[in-house]
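I opened the notebook to look up the layout of this chain.

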Amino acid sequence: MRNSNRYILVPLLSFLLIFSSVVPLVNVQAQGEIIEEVVGESLNQEVFENEIEALNTYILGNITFYLPDGFESYILFNRGTIYRANESGADWEWFSTLEQLEDINIESNESYFLEMAFTIRNAAHENIIFLYQANLTGQEIIDLDEINIDESEVTELQIESNDDFINHRLTVIPDSIFTFNINEFQFNESGVTLWLPTDMSEVHLKYIAKKEIDENKLQRIHLSKKINLNEFQSPINFDNELGEAVKVSFLKNGQPLEISSLLIEDYLASSYTYFEENTILMTPDSVKFEIYVGEGDYEWIWVQKIDVMEDTDLYLTDSVDLDVSFGYFPEEVRFEHQLMSGEFNLQNVIFSNNGESESAISYNIEIKNVNKEIVFMGPAETRYEFLYSNLTPGNYEYNVTINLPNQEPIQKSEWFEIDTWGTSSPPTNLEVIASEGEVELTWESNLNSNAPTGHVVKRSESKGGPFIDIAEMDKSEMIINAEGNIGTTHFIDSDVIDGITYYYIVTALNDVGEGIPSNEVSVTLKDKEDDGDDGNSGGTTPPSGGNSGGNSDGGTPSGGTGSTSPSGGTPPPQVDEEELESTEQQEESNEPKSVEVDVNDVKTEDQSDGTIKTIVEVDDKTITKALKKAEEVDQLIIDLSTVETDTVDIQLSSESINAVTDNNDETVIEIVTDEVAYRLPVEEIDLDDTAKKLGVSSDELEISIQINKLKDTNLTEEQNELDLASDVYDFHIEVSSGDETIEVEHFGQYVERVIIGEKRFDPNRSIAVRLNEDGTFSPIPTIFDGNEAIIKSNSNSMYVIVENKVTFEDSEGWYQTTIEKLASKYIVNGVSETKFAPNEVTTRAQLAAMLVRSLDLKSNKNYSSIFTDVEGTEWFVNELNAAVEAGIIKGYNDNTFKPSDLITREQAATMIYRAMELVRFDESKLNQSLIAKNKFSDYAEISDWAKEELEVMTQTGIIGGKTENTIAPSANATRAEVAVMIARFLQFVDFMD
């Protein structure tokens, strides 16, 4: 990276080489100081120091920094950024020293954009800012050992300061891959000089300064301009911008608003400036202000998208959305209205010098205790203070509704404590399951601090309460995890009545008192007479959510009937031919039935690895008998739940498969053990196609359906990082003729497997994954019912249930639970380990990748230049290939895909609609009463090619309005919005809880 024309002082190097064999050198560095210590009295230190100084060489971390000739010193490292694009958007990190760069985790085979700014000083003692930029591989960054400044390879910008002002500062935003702020350079006496890379075409400059108008008042300027580096004339000043500047004043009640600090963000970047003035001169622009006001506990005012083109007063009136903060004292809570801590409608706050004063605001206050019982409720007429002094120690929730003119009321709700500091944090992940005559609750508690000594279960028959205490649970009833930081508690409520909806919350107890309640859950117990007869004589209860077999979308109807539970059950007793015939006559019906195969020929073998293998040969006669039990069979059950085994091999003939298909080509063959179930649609065994591949008649084929519990999984390092919540199972199908065998690896629909765990699965943290042959793993659509995991996959492989918990520090909004749930299931990724960037926009490639991951789609074909703007080396090419094959992606008419274009809401709707068609969604679940044309005023703005798709998405609830009456089809979808759409889609098609 250092220029070849850079010369080195040969006499000095020769001198060093000769001398080094006699006297060792210690701590030789040049970084503001030349030589600290040289061991050896015989060396002329002054000569040595002068020679080193002539080199203008500085050691910064592991990088040697070379100054141009005539520059006397390196001053400081200003700032650096390293940037990498990936499938989730962008990863970037700032570093303030080169030593910090060495601590950043850099992948050697990835591509990065590196940007660094240095301050150096010339012989005239003038500071110059040097910006270094480079596109490098990770390995090149790791190996980076020298940076050379060559004056012939830079564009020099001289920026003049305005003599009437003081405290001049400059922010520089280069036109580069990444928006990099070189923040607030201090000026020399006359200005500042910048050295920028010659390949940079444009730079955005922000000039901040102030002047004293009188003894008590300052005037602040914030000027902005763009410079075309191919056409500019030096020096650059801001005289024109100052002459055209407009004044912005911040007022409240007609008086200057005290401001502690201000952030101004224009179309490209943002900068802070700290001042106490309430006015600013600035370049006319479209900007956003973020203002800190008050003293002590600061409050934000956020103003967005303001076109400041003339002198403007930002006049904060009573129509501003208000937040409510509170201070609490013994036995009382005091509310004080503060300025908002969120966004508000600009039209309601900008007035032009009208001098109006604020009028009173009406609002209602409601205070509830932990049982959601109302302690106080009433209006308050004064805007300045509300005081209620009758609260006893405990936790309370306040709800404030502020009535504003010409807009919807503002609502605020928050919990607070009165004299009970240190109660336990609220229980989390409260879940409820209803069964006949009882309700089961499960929740988790944080044991790290203020650990609970028990819990109180509360119930109501009204949403939101009030609640009554129905049970108090002791700490001893918690199941504590291995790390000792999470306790899980189960509770059965049997004092319930069918047909009633119950609402539950749970609070934690400790020595201080009762804490804030958990989330609220509800459940409705169905009347017993509503339960239909499954028509299964002598069969056992299916795993909950069993498939009826006739459901073409591979979904799992609630309470599916007729399958045999992996968790238990025994086959019916054998009967002779006369008894069988009598039974068949009694069971004749036109409705499809679930019937059980009478398994007779069962063999068990001990394997060399200590496992047990069970082989079941099901002959044609046995299948024929089973099929005679009903006129049409939808499930054919082979129950081995009482057989102790590790491997099951069910062997069927092609004649048996044909017999099942002739009865009902949508029949599901279900194999059940005490740990797993495999639900195989018979149509997925294509005998004719397989026979053709083997070159034999289809009558000669034998089918083997195998389920193997793996003892030695030989997991890779990546797979070993998984937190396994079940055993690993391999599902395998072979069709053979003689010595020739073909493995059935892929299906035309999603096929169900059930894995039974030793304990209840957490549906928010659990997911089935496929262990791939290349050592990776892939998430699989999974729904959970207690300790049962219903896996839906369109291929055979090794599967296991894993637990994973992901949280993001920047996702505390309406979307938090959904985003963290999808991330825990490996469907979406954060931009870093701790951040999701929910408000950033999403590209077309990113959405395609997320949909492919959520459905476990894959392609076995290489990319064949389907689109002219996708080369085949991009990070998303495998996902794109799979999405194209599945029909989710079709591209544009000009054969482009435009992967980096931001996804619009109507494009997202179209992709998700095609994904719904792929999984054969149930159209009966659509809310036909929702008509987009009638609901949304901007319906005409929807592109013709997207109208049907958006209509369906509206009726599913997957995509709602951007506002109450607009759908904003061409608006870009944020990462949070896309995540929520995918979650709703998966839930709608029963691919996720």
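**Ground rules.** I worked from a predicted model, where local features need pLDDT of at least 70, side-chain atom pairs count only at pLDDT 80 or more, and totals for chains, interfaces and linings use all residues. Residues are numbered from 1 along each chain as its sequence is written, and side-chain values use heavy atoms, with hydrogens and water left out.

**Whole chain.** I looked up the secondary structure and found 17 helices and 54 strands. Helices (H or I, at least four residues) and strands (E, at least two) are DSSP runs, numbered from the N terminus. Of the 993 residues, 51% are buried (under 20% relative accessible area, 1.4 Å probe, protein chains only). The chain exposes about 47100 Å², by the Shrake-Rupley method with a 1.4 Å probe. Carbon and sulfur atoms supply 43% of that area.

**A sheet.** I picked an open sheet of 4 strands, in the order S33-S32-S36-S37, with antiparallel pairing. Two strands pair if DSSP finds at least two bridges between them. Strands S33 (468–474) and S37 (521–524) stand at the edges with a single partner strand each, so one side of each has no neighbour in the sheet. S32 (residues 454–460) and S36 (residues 501–509) pair over 7 bridges. In S36, Leu509 stands opposite Gly454.

**Helix H16.** Is this helix enclosed or open? I found 8 of its 10 residues (947–956) buried, so H16 is largely enclosed by the rest of the structure. Among the buried ones are Leu950, Val952 and Met953. Their cover includes helices H14 (905–918), H15 (932–935) and H17 (975–988). Gly957 follows H16, with a positive phi near 85°.

**Rings.** I looked up aromatic pairs and found 12. Rings of Phe, Tyr and Trp (its six-membered ring) pair if their centres lie within 6.5 Å; planes under 30 degrees apart count as stacked, over 60 as edge-to-face and the rest as tilted. Tyr750 and Phe991 are edge-to-face, 4.9 Å centre to centre, with 65° between the planes. Tyr750 lies in strand S49 (residues 746–756) and Phe991 in the segment after H17, so the pair ties together parts 241 residues apart in sequence. Both Tyr750 and Phe991 are buried. Elsewhere, Phe65, Phe118 and Phe130 form one aromatic cluster.

**Charges over rings.** I counted a charge as over a ring if NZ of Lys or CZ of Arg is within 6 Å of the ring centre and within 35 degrees of the ring normal. Lys898 sits over Tyr892, its charged end 4.2 Å from the ring centre. Arg975 has its charged end over the ring of Phe836, 4.2 Å from the centre.

How values were computed. Buried < 20%, exposed > 50% of the residue type's maximum accessible area, 1.4 Å probe, protein only. Contact = heavy atoms within 4.5 Å.
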